[in-house]
Amino acid sequence: WMEGFRASRLGQLMWEQLKLAKQPDYNEQQDMDFFRQRRLHSEGEGIRQVAARFKANLMAIVESSRAHNVPVMISSVGVNLKDFPPLGSLSSDLSKAEPSQEFKDALGQGERWQKRNQSGKAIAAYNQALDLEKGYAEVWFRLGQCHLALKEHEQALGCFQKAADLDALPFRATSTLNGLSAEVAETARSENVLFVDVATELNSRAADSAGIAGREFFYDHVHFNFDGDYQVSSILCPEVVRLIEAKAGIKASLQEVPSRDVVASSLGWNRISETQLYSAMLDSMSHPPFLDQANHTNLIGQLKLWLRHEFGDLGQKDIEIGLKRFEQAKKDYPIDWELPYNLGQMYSALGKHQEALTAYRKARDLLPHSALLRFRLANAYARAGFPNDARTELESLLEIEANYAPAIQALKSMGRN
């Protein structure tokens, strides 16, 4: 689908925008071997050290804030449980590089039953595998899928959480870390220290997913999509207001959390922006460290099909709506640098270089210390046919961040030309 999208007229315009959104200098050395060598056992010393340092750092933040009479809000962290298989699984026995053949046979039998939609029989096989390897993350995830298929929602949630906790590449917040956040907040409890259980609340709001957060709120494992961002913001907003009221001794003017549509309009959110972000995430998930996930190829294929279904009808009207929303939001919130920045990306993708320059310059003026903004502006100058201005902008960037590799590389390239 992606190749077809790129081949279309709109796709050619938008793909240019997507390329701009990617990191300029991808680290090719971080291949799957790099990540496999850094997997962590859930019962290993590395994980225990992470938890101990996390707690110590959080306690230090709380104590420092209390010493200066600054309110503190601590929250648990919601993650994609339902739709994100573990990035890595390890044998329960630290001395083993691989689990036993008996375990592999039980896992394979479970997979075969699961593919035939025989969830009950698959559960029996997976439990047999767990009798041999209690800590193998992938089995817990597959077990969660089977319980979900049988509408055994509570069991499914427990299995998905266990899979995340055992993930050998633990980029997601675990129940241990979320528990430590709650513990620190409880220990320091006062009117200036508040705990918000975002993870539990986010799960409860995943009504269409039986109370288990997944793709409806996340692009991948941890990055919220627009709806996820909105849900977390709506959970935190009333609590922030409460802290401000207690601290300042005033009644805030906020009567209710703004609706999703109001927030979307304020941010200039539109289908073009959504396409950009989902496509960038698709590209990211096609590289390490995602490649060892169970059914990774199928997951990427499903995401491509979903993108085609949701955004296959993009057209000129969507472009016009997107530009209009950004322009209006920029007028309504003139000090928000991200609005002109995003507008500049869209104009650049559409080949409207002068409009892109105007937008990028506005963003740079609002956030002059940002190396990324200046690099994008330099790129826009070059595309618009102003190489001297591009060079000047790159040189100004290096005065702010002397080792910014993309700028150094760009200047060398311009020098050769």
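## Briefing: loops, spaces and cores

Asn117 is exposed, with a relative accessible area of 67%. This is a predicted model.

**Backbone in the loops**

- Asn117 sits in the loop between α5 and α6 (119–132). Its phi is positive, about 60°, although Asn117 is not a glycine.
- Lys151 also has a positive phi of about 60° and is not a glycine. It belongs to the loop between α7 and α8 (153–166).
- Lys151 is exposed, because its relative accessible area of 66% is over the 50% cut-off.
- A cis peptide bond runs from Pro288 to Pro289, with omega near 10°. Pro289 is part of the loop between α13 and α14.
- For background, most residues other than glycine have a negative phi, and most peptide bonds are trans.

**Cavities**

- Rolling a probe the size of a water molecule over the atoms shows where empty space is left.
- There are 3 cavities of 30 Å³ or more in the structure. The largest cavity holds about 160 Å³ of space.
- Its lining is made of 15 residues. Nearest the centre of the largest cavity are Asp83, Arg215, Tyr219, Met285 and Leu303.
- Helix α14 gives the most, with 5 residues.
- By type, the lining of the largest cavity has 9 nonpolar, 3 polar and 3 charged residues.

**The second largest pocket**

- The second largest pocket contains about 520 Å³ of space.
- It is lined by 21 residues, and those closest to its centre are Gln114, Phe141, Gln145, Asn295 and Gln302.
- At least two lining residues each come from α5 (101–115), α7 (137–149) and α14. Helix α7 supplies the largest share, 6 residues.
- The lining of the second largest pocket splits into 8 nonpolar, 7 polar and 6 charged residues.

**Nonpolar cores**

- In soluble globular proteins, nonpolar side chains tend to be buried together.
- Here, the largest nonpolar core has 40 residues. Leu307, Leu323, Leu343, Met346 and Tyr360 have the most contacts inside it.
- Elements that give two or more residues to this core are α13, α14, α15 (316–332), α16 (338–349), α17 (353–366) and α18 (371–383).
- A second, separate core has 25 residues, including Leu107, Ala129, Ala137 and Ala156.

- Is Asn379 exposed, partly exposed or buried? With a relative accessible area of 25%, Asn379 is partly exposed.
- Asn379 and Ser348 are 31 residues apart along the chain, and 9.7 Å separates their C-alpha atoms.

Notes
Residues numbered from 1 in each chain as written. Predicted model: local features only at pLDDT ≥ 70, side-chain atom pairs only at ≥ 80, totals over all residues. Heavy atoms only, no water. 1 Å grid on protein atoms, 1.4 Å probe; cavity = no way out; pocket = protein on both sides within 12 Å on 5 of 7 lines; lining within 4 Å. Points joined across faces, edges and corners; volume = space filled by probe spheres on them. Helix = DSSP H or I, 4+ residues; strand = E, 2+ residues; numbered from the N terminus. Nonpolar A, V, L, I, M, F, W, Y, C, P; charged D, E, K, R; others polar. Core = buried A, V, L, I, M, F, W, Y, C linked by side-chain atoms within 4.5 Å. Buried < 20%, exposed > 50% of the residue type's maximum accessible area, 1.4 Å probe, protein only.
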